[in-house]
Amino acid sequence: MYTFDYLDIRPLHKDDINVAFDLEIEGYPEDEAATYDILNYRHTEAPELNRGCFHGDELIGFVSATRYHEDTLKDEAMNMHIPNGESVCIHSVCVKESRRRQGVATHMLKEFINYVKHEEKDAHRILLICKSKLIPLYTRAGFIFKCKSNVVHGKETWYELEVQLKSRENCEELAYNGY
């Protein structure tokens, strides 16, 4: 069992984007990795949803997300940010190769979920897509399998997972009451 007292999860700063991009390139095949411009866009539009995992001053991992207005993650969500959209969409979860399989990604994801629950109060859910081999990682972090995704990104099939932050009944009740 690993402890993570020595790790600091905090917002990425503009000057962290270069290292984050290096981790992105290291972590994804070329046809799936976000470009530098896309990472920079996500950070510029939603800096609070782009969080790094630091060991001292070294960025060893990050989660990059934006907001979206629908309850399922679609192709268009990959390259846009809808402020106050009801879904938080995670686009990248990257960990430095030498730090993988040590629980860092699970730790980052649990911290990210906790952050969104407490700070993004109007968010209804957190969504992501992943390949089948990563479903166990995300379910350990608290995500629930939702469906096969219609998103085409690279050569492999993707699956959508979700953390529900607000019950659907509460959302319907609020809508019924005019809120």
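Which residues touch the most other members of the largest nonpolar core? This is a predicted model, where local features need pLDDT of at least 70, side-chain atom pairs count only at pLDDT 80 or more, and totals for chains, interfaces and linings use all residues. Residues are numbered from 1 along each chain as its sequence is written, and side-chain values use heavy atoms, leaving out hydrogens and water.

**View 1. The largest nonpolar core.** Ile 90, Phe 112, Ile 126, Tyr 138 and Phe 143 touch the most other members of this 32-residue core. (A nonpolar core is a set of buried Ala, Val, Leu, Ile, Met, Phe, Trp, Tyr and Cys residues joined through side-chain atoms within 4.5 Å; buried means under 20% relative accessible area, exposed over 50%, partly exposed in between, with a 1.4 Å probe and protein chains only.) Helix H3 (104–119) is among the contributing elements, and H3 gives the most, eight residues. (Helices, H or I of at least four residues, and strands, E of at least two, are DSSP runs numbered from the N terminus.)

View 2. (Rings of Phe, Tyr and Trp, its six-membered ring, pair if their centres lie within 6.5 Å; planes under 30 degrees apart are stacked, over 60 edge-to-face, the rest tilted.) Tyr 138 counts as buried at 5% relative accessibility, and Phe 143 does at 3%.

**View 3. Arginines over rings.** Arg 10 lies over the face of Phe 54, 3.7 Å from the ring centre. The charged end of Arg 51 sits over Tyr 115, 3.9 Å from its ring centre. (The cut-offs: NZ of Lys or CZ of Arg within 6 Å of the ring centre and within 35 degrees of the ring normal.)
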